[in-house]
Amino acid sequence: MKALHGLFIILGFLSVLLLAVAGPLYKSGTAELGTAFLLLRWAAYIGAAAFVLNIIWYLIRRPQGLVAGLSGLAIIAGGFAFYMPFSQYLKAQNVPAIHDISTDTQNPPEFIAIAPLRADASNPVEYAGEDTAKQQRKAYPELTTFESLESPDELFSAALVAVDKMGWELVESSETEGRIEATATTTWFGFKDDVVIRVRGTADGSALDIRSKSRVGRSDVGKNAERIREFLSLLKPELR
């Protein structure tokens, strides 16, 4: 029976280990994306089993001391290993399966300097099209052109500051063209999403459009829209 309990504890720690290594293995190029996602799936399966089995064992056997502590840690580890992938799955079910988000879906900003960097990307550099635009407008109606009373030069400078605060890698900035291009890299998996910002003058001041597009994956699980919202939230204070 002790051996069985030991196995339950091991399953808890194994699940969180699989969860922890999935991203770095893909990020380092050691594993393909499909393999990394398979590890996440098994982390969730094993985590759920470890969570349930350790709770049952704990309630029945009432372990004491070190064994009780290990059981508790296994329960926490299993629950965490299950929750992380499952929460992402639930999020993916509640957002459209798109990966190209723009505040201007009719005339989205174009990637120029970044285009060669996406040569091997599974998602082409061109805008995804009207079907994606319709899904975006339904899911993220708040993502529209940002308008300002400031001059284009002032808005452009503020946008550069916001890009820096976001921690993106600046690829190119052209004040004369009103264009900024940058790459955002996610921490865990190292996914690279590209961003292009367009600033132009208007009758009342200036306007800014931003587009964020994933290099891989059919669905971005809402990440690109989230990135644009965060950028705009950092931009506004720079204009005060």
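Is Arg 229 buried, partly exposed or exposed, and what is its relative accessible area? Arg 229 is partly exposed, at a relative accessible area of 36%. Here buried means under 20% relative accessible area, exposed means over 50%, and partly exposed lies in between (1.4 Å probe, protein chains only).

The model is predicted: local features need pLDDT of at least 70, side-chain atom pairs count only at pLDDT 80 or more, and totals for chains, interfaces and linings use all residues. Residues are numbered from 1 along each chain as its sequence is written, and side-chain values use heavy atoms, with hydrogens and water left out.

Contact between them, defined as heavy atoms within 4.5 Å, involves 14 residues of domain 1 and nine residues of domain 2.

An unreviewed UniProt entry annotates residues 38-59 and 66-86 as "transmembrane region". UniProt positions are given in the numbering used here, feature names are shortened, and annotations may be inferred rather than shown by experiment. Residues 38-59 are 100% helix and 0% strand, with their end C-alpha atoms 32 Å apart. Helices (H or I, at least four residues) and strands (E, at least two) are DSSP runs, numbered from the N terminus.

Helix H2 (residues 33-61) has 29 residues. From first C-alpha to last, H2 reaches 41 Å, close to the 42 Å expected at 1.5 Å a residue. The expected span is 1.5 Å times one less than the number of residues. Buried residues in H2 include Leu 39, Leu 40, Ala 43, Gly 47, Asn 54 and Trp 57. Arg 62 follows H2 and has a positive phi, near 50°. Val 221 also has a positive phi, near 55°. Val 221 lies in the loop between strand E6 (205-214) and H6. Most residues other than glycine have a negative phi.

The structure holds 15 salt bridges. A salt bridge is a side-chain nitrogen of Lys or Arg within 4 Å of a carboxyl oxygen of Asp or Glu. One of them joins Asp 194 to Arg 118, with the closest N and O atoms 2.8 Å apart. Asp 194 lies in strand E5 (residues 192-202) and Arg 118 in the loop between strand E1 (100-102) and helix H4 (130-139), so the pair ties together parts 76 residues apart in sequence. Both Asp 194 and Arg 118 are buried.

Arg 229 forms a salt bridge with Glu 142, the closest N and O atoms being 2.8 Å apart. This pair links distant parts of the chain, 87 residues apart: Arg 229 is in helix H6 (residues 223-238), and Glu 142 is in the loop between H4 and strand E2 (146-148). Glu 142 is partly exposed, at 43% relative accessibility.

Strands E3 (residues 169-174) and E4 (residues 179-185) pair in the antiparallel sense over five bridges. Pairing requires at least two DSSP bridges between the strands. Ser 174 stands opposite Arg 179 in E4. The hairpin has four residues between its strands, and Gly 178 takes a positive phi near 65°. Glu 172 and Arg 179 form a salt bridge through their side chains (2.8 Å, N to O). Glu 172 is partly exposed at 32% relative accessibility, whereas Arg 179 is buried at 8%. A network of salt bridges links Glu 172, Glu 177, Arg 179 and Glu 181.
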